[in-house]
Structures are given as structure tokens and as C-alpha cells.
There are 2 protein chains.
Amino acid sequence: MAPITPSLELVSAVLAGQARAIARLISRAEAGEAEVRPAMASIYQHTGRAHIVGITGVPGSGKSSLIDLLVPRARERGKTVGVVAVDPSSPFSGGSILGDRIRMGDLALDPGVFIRSMATRGALGGLARATHDAVDLLDAGGFDLVLLETVGVGQDEVDIVRAAHTVVVVSAPGLGDDIQAIKAGILEIADIHVVSKADRADAGKTVKELKTMLAMDLPFKKATEWTIPVLSTSTVKAEGIDALLDMLEKHRETLERTGEIARRRESIAETRLLKTAQAVLHGEFEKQRDGKVSSLIARVVARELDPHGAALELLAALKSGMS
Amino acid sequence: MAPITPSLELVSAVLAGQARAIARLISRAEAGEAEVRPAMASIYQHTGRAHIVGITGVPGSGKSSLIDLLVPRARERGKTVGVVAVDPSSPFSGGSILGDRIRMGDLALDPGVFIRSMATRGALGGLARATHDAVDLLDAGGFDLVLLETVGVGQDEVDIVRAAHTVVVVSAPGLGDDIQAIKAGILEIADIHVVSKADRADAGKTVKELKTMLAMDLPFKKATEWTIPVLSTSTVKAEGIDALLDMLEKHRETLERTGEIARRRESIAETRLLKTAQAVLHGEFEKQRDGKVSSLIARVVARELDPHGAALELLAALKSGMS
């Protein structure tokens with residue numbers, strides 16, 4: 001059966017915050033179905049209300065445990081919370097539904113919470129697009145706070161998390177120098193630093209290192225009135241969670257008050273526009289895989305044509321076919 | 001001063017294996033200079049001789065230490081060795097020259113060794129392209145073995161390492177469940193598994209876990225006659241390095257004998273073609289940032305247009321301007 005364009009009823013159900021409708025459209029967006037585009041265009045008009053918070057950190061930094069505590073605390077404050085977790089470790093496409101349910105635990109029956117994992121596999125270069133679609137669906141569905149969780153290594157993940165109003169970078173104490181160095185790559189995008197596992201003896205050292213790094217006059221240091229804080233949390237002792245929620249709120253208020261929010265919205269739109277265009281290009285590439293693309297590949301393999309020359313020919317050829 | 005198209009002399013110097021010429025062209029490719037394209041097209045015609053080996057693993061897996069031992073051992077076997085390390089942790093664009101020199105140590109004076117780090121920053125979406133350019137330059141420059149080192153997390157890094165004939169995935173014992181799970185994302189691309197730090201007591205457990213994973217009938221298991229080995233190395237004791245070099249050689253021979261090499265070359269050309277086309281698109285996007293692109297961004301911010309609709313308009317607009 002051919003995929004069907006989502007009905008107006010489904011879009012209305014999303015706008016009413018119905019979890020099943022949101023889940024269904026996320027799955028279809030993740031599968032790369034072209035038929036969901038008109039629905040997503042309607043959905044997009046209703047976005048812009050949620051506070052989108054990116055939470056990133058290397059594997060083992062403790063970001064998932066932190067989110068698992070953040071969600072119920074935010075609920076206690078009367079906020080509805082959506083979580084979109086980009087999970088490069090999952091070998092399954094279409095979201096790990098079972099994993100999401102296990103993770104939700106007691107929250108599984110709360111309609112004010114929605115948790116969804118996005119798998120890298122199966123997304124065919126469209127992971128960023130599908131992730132942003134999921135965030136849009138939760139935003140339009142009326143969730144107050146949308147947490148976007150990614151592993152903080154790799155350009156794709158950094159680009160994904162850039163589509164947040166507030167970016168939290170989580171570091172664990174004592175993960176080794178190799179991992180500490182990686183932080184430099186995501187230092188630039190942090191609005192708030194969190195050192196997890198504050199119950200550990202070496203947590204203070206990591207806090208100090210981060211503060212030293214922030215005090216350095218790095219070329220990419222942000223010129224805003226926001227001073228990037230370094231917070232400590234302990235999921236074992238359930239400490240520091242409220243302070244983090246307060247800080248998220250404070251960052252949002254600062255964005256609004258200083259007008260910085262407009263610059264952020266523009267930067268988010270820019271990243272999404274470019275990434276979506278690249279995803280559309282990828283889709284066309286796949287569609288023409290047996291035609292023009294395959295002859296170009298053969299010429300590159302034979303060293304008759306270099307990859308750059310072939311790319312220019314490809315882009316010229318796509319002009320005719322693209323819709 | 002406007003950038004100058006690299007001269008025929010510079011191309012000849014690269015083909016003669018001169019390190020300074022190679023380094024200069026890598027820097028210019030990394031900076032995204034359009035002027036290097038004709039030179040790179042000439043260079044590309046002279047590639048295809050080197051054995052390109054991708055070495056990947058999560059931060060802390062010990063891949064850099066392993067490479068630091070692999071290089072002198074390969075030299076003892078009479079092979080010249082180039083290393084291209086994609087380093088997302090570096091906040092500096094243009095390669096960390098000082099770091100490369102420190103890393104080279106005693107090898108710094110050996111013309112049969114070339115080590116270069118590629119920084120994520122500054123590459124503006126063109127990291128994959130610049131990395132492949134660097135590999136091409138080393139290949140055309142006559143290096144027998146080209147090691148391509150990346151952090152094995154994130155789609156970009158996985159795509160980069162796919163451009164190797166042989167992929168080695170390095171895992172350290174006891175890096176925690178979170179990191180073990182990440183392996184699932186790169187399990188698919190490994191031709192050879194290496195468990196580093198074999199001097200540690202828990203290394204045997206990691207070897208066993210990997211073998212169990214490989215024995216599972218996973219959907220992405222490769223249908224070739226190559227049985228993916230799990231090797232152990234210890235950089236502290238300098239053990240297992242020769243066995244790994246032997247296995248690299250054996251894998252290359254198997255690729256050639258079974259004809260699998262042709263399929264690999266095609267797959268490499270396919271990935272490079274797509275990534276290069278996306279990088280060209282990104283370049284056009286930057287060029288038109290003040291024109292068409294900025295009005296599209298404004299409409300996306302105002303919710304007058306959704307990102308997908310804007311991407312289609314962008315691609316249509318680029319048709320006229322692209323060269």
C-alpha cells in the first residue's frame with residue numbers, strides 16, 4: 001500500500017497534544033516519507049512557544065540519568081515535558097519504542113510527558129531533519145519544555161543541538177584527558193555547563209577545569225551579557241536538579257530580555273534550512289542511484305573524473321529532476 | 001591578495017612525495033579554497049595505489065597510542081606511512097601543526113612518515129571533503145599505507161571512515177556500558193576489531209563480548225568470506241602490533257582475491273560524490289547568505305514558510321547561480 005498523506009484530523013490531534021498522533025508523525029518523518037511534508041508544514045506554523053533545551057555530553061557523561069531526574073522535577077513545577085533523544089548507539093531504525101517505555105518508568109502514564117529516541121540508522125542522512133520534525137511536533141503539541149539529548153561528538157550532533165534555545169553541556173568527573181579534550185569542541189556551544197556525579201571526590205577538579213577554560217580568552221567566546229555558569233548535579237543524591245531548572249528559566253529570560261532570542265531563532269532557521277536542503281539533495285541522490293548517479297560513480301572509480309567534478313555534474317543533472 | 005591556483009610545480013612536488021607540498025595543499029583544501037580544485041583533480045588521477053586503513057573508536061579507546069606504535073613498525077617493514085587524524089576536539093582550524101610535531105617525536109625527521117590532524121572547526125561542513133583530499137594527496141604522494149583516524153561517534157565520522165579499504169575499530173576494556181553500547185553503531189563498519197590495553201585484567205571480557213556480538217545474526221552482518229577477527233594489543237607492552245599489521249595485509253589480500261575491492265571502491269566513490277555535492281551546496285549557501293538565503297531564513301523565522309519548503313526554494317534558486 002502506498003503511503004497516505006496524513007489527514008487534517010491527524011494534524012489536529014497533534015495540535016491537541018495527543019501522544020499517539022505525535023508518535024505516528026515522528027515515525028513517518030523518521031522513515032523519510034515525502035507524504036508527511038504538507039502535514040509538517042502545517043505543524044510548523046504552530047511552533048515557537050516551547051523552550052527547547054539541548055543537552056549534550058560525551059558517552060558516559062551522565063546526561064540520560066540527569067534527564068530522567070529533570071523530567072519529574074519539571075512536572076512538579078507544572079510544566080509538560082517532551083524529550084527527543086538522538087541515539088547513535090541504536091542499531092534499530094524507527095525509534096526504540098521498548099527502550100523509551102522502560103526509560104519512562106512511572107511517567108509512562110503521564111500525558112504531560114513524551115519521550116522518544118531517534119536512531120541514527122535508517123535515517124539516510126535525514127537524522128537532523130527528523131529530529132527537528134520531532135521537536136516541532138512536541139512544540140506544536142503544546143509541550144512547555146522540549147529536551148533534545150545528543151551525544152556531543154561529531155558535527156552532525158553539534159548541528160542538531162544548535163537548534164536549541166539553551167544548550168547544556170554535561171561532563172562527568174574523571175573521564176580521562178582524552179574526553180576532557182573533546183569538550184573543547186563543544187565548549188563553544190554551551191550556555192550552561194553541568195558537572196554530573198558531584199557526589200564523586202574528583203568532581204570539584206572538573207568544575208575548576210571548566211571554569212578555567214571559560215575564563216580563557218578563546219576566539220569563540222560569546223559576546224553576550226550571559227555568564228556561562230558551571231553547575232554541579234548528583235543523580236545519586238538527587239542534588240542540583242532544581243538549580244539547573246532555575247538556570248534554564250533564567251537563561252530563557254535573559255534571551256528574551258536582551259533580544260538575543262531573535263538572533264538565536266535566525267541561527268536555528270539557518271541551520272535547519274541548510275541541513276534540510278542537504279537532506280533533499282541526499283533524497284534525490286538515492287532516487288537517481290540507478291541512473292545518472294551510477295555512471296558518475298563509475299567514472300570516479302575509473303579516475304576519469306574527480307569527486308568534485310562529479311559533484312558539479314550531479315548538481316547540474318539534479319536541476320532537471322528535482323521537485 | 002587573492003588566492004592563487006596551485007602551480008603545476010606544486011602538483012609535481014606532491015607526486016614526488018614532498019612533505020611540504022603535501023602539507024601546503026592539505027591546508028588550502030582544509031580552508032575550503034576553490035582555487036585548489038584543478039590541482040586536486042590532477043592529483044586524484046594519480047591515486048588508487050595506497051592501502052587506506054580507517055582506525056576508529058570512542059574517545060579513550062587508545063587508538064592514537066596504537067597508531068603511534070603502528071607507524072614505526074610499518075616503517076620497519078619498509079612501508080611509507082601517512083596518518084590523517086580527524087580531531088573533533090581541536091578548537092583550532094588549519095590543523096594542529098604543533099600537536100602533529102609533538103606526536104611524531106622521533107619520526108619527525110623521517111621523510112617516509114607524514115602525520116596531519118584535521119580540525120572540525122573552520123571546515124564549514126567540508127571536513128569530509130578536506131579529509132579525503134588529504135588522503136588523496138598522501139596516496140598520490142606515494143605513501144604505501146594511509147591511516148585515517150577518527151572518533152567513532154556521529155554520522156560524519158562514520159562516513160569519513162567508510163572511505164577506507166580496511167576499517168579497524170578499537171575498543172578499550174572497561175569503558176562502561178554506555179560506551180560499549182556505542183560500539184553497536186560502528187560494529188557494522190569493522191573489518192577488524194582491536195581490544196587495546198590488553199595488559200589490563202578486564203581486557204579478556206571485552207574480547208569475549210565483541211566475539212559474542214559478532215556471532216549474533218545481526219541484520220547488517222556482512223556476507224563476505226572475511227571473518228571479522230578480534231585482536232588484542234597492548235601499547236604499554238608493545239604487544240599485538242605485528243599481528244595487527246599482518247591482519248591488515250591479509251584483509252587487503254582478501255579484498256583483492258575475492259573481487260570485493262571493486263565493490264568497496266564503488267562504495268567509497270558513492271560516499272565521496274554525495275558528501276562533495278553536499279559540501280558544494282553548503283559553499284553556495286554561504287556565498288548567497290546575504291541574498292536569497294537571508295530572505296528565506298526571515299520567512300522561516302516568521303513561520304510564513306517551513307524549513308522544507310524553504311529548502312526546495314533554495315535549491316531552485318541555486319540552479320541559476322551555481323558554477
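Just after helix H1 of chain B, Gly17(B) takes a positive phi of about 80 degrees. Helices here are DSSP runs of H or I with at least four residues, strands are runs of E with at least two, and both are numbered from the N terminus. Please keep in mind that this is a predicted model, in which local features need pLDDT of at least 70, side-chain atom pairs count only at pLDDT 80 or more, and totals for chains, interfaces and linings use all residues. Residues are numbered from 1 along each chain as its sequence is written, while chains are lettered from A and ligands numbered from 1 in the order in which they are written.

Let us step back into H1(B) itself, residues 8-15, where Leu10(B), Val11(B) and Val14(B) are buried. They cover an arc of only 100 degrees around the axis, so they sit on the same side of H1(B); the arc is that of the directions from the helix axis to the C-beta atoms. Turned away from the buried side of H1(B) is a face with the exposed residues Leu8(B), Glu9(B) and Ser12(B). A residue counts as buried if 20 or more other C-beta atoms lie within 10 Å of its own, as exposed if 12 or fewer do, and as partly exposed in between, with C-beta atoms placed from the backbone. The buried residues of H1(B) pack against H2, helix H3 (37-44) and helix H6 (127-140) of chain B; contact requires C-beta atoms, placed from the backbone, within 7 Å.

H2(B) covers residues 19-30, and its 12 residues should span 16 Å at 1.5 Å a residue, which agrees with the 16 Å between its end C-alpha atoms. The expected span is 1.5 Å times one less than the number of residues. Buried residues of H2(B) include Ala21(B), Ile22(B), Leu25(B) and Arg28(B). H2(B) is followed by Gly32(B), with a positive phi near 80 degrees. The C-alpha atom of Gly32(B) is separated by 8.7 Å from that of Gly283(B), 251 residues apart along the chain. Gly283(B) is found in helix H11, residues 260-287, and is partly exposed, with 17 other C-beta atoms within 10 Å.

Now for the strands of chain B. Strand E4 (residues 145-151) has seven of its seven residues buried. Leu145(B), Leu147(B), Glu149(B) and Val151(B) point one way from E4(B), and Val146(B), Leu148(B) and Thr150(B) point the other way. Strand E1 (residues 51-57) of chain B runs parallel to E4(B), joined by seven bridges; pairing takes at least two DSSP bridges. Thr56(B) stands opposite Thr150(B) in E4(B).

Further along, helix H10 (residues 241-258) of chain B holds Met247(B), which is partly exposed, with 18 other C-beta atoms within 10 Å. Leaving out residues up to four places away in sequence, Met247(B) touches Ile192(B), Pro229(B) and Leu231(B).

Chain A, finally, has 13 helices and seven strands, and 48% of its 323 residues are buried. Its domain assignment gives domain 1 (46-258) and domain 2 (275-321); such bounds come from an automatic or database assignment. Six residues from domain 1 and five residues from domain 2 of chain A take part in the contact.

Terms used: Contact = placed C-beta atoms within 7 Å.
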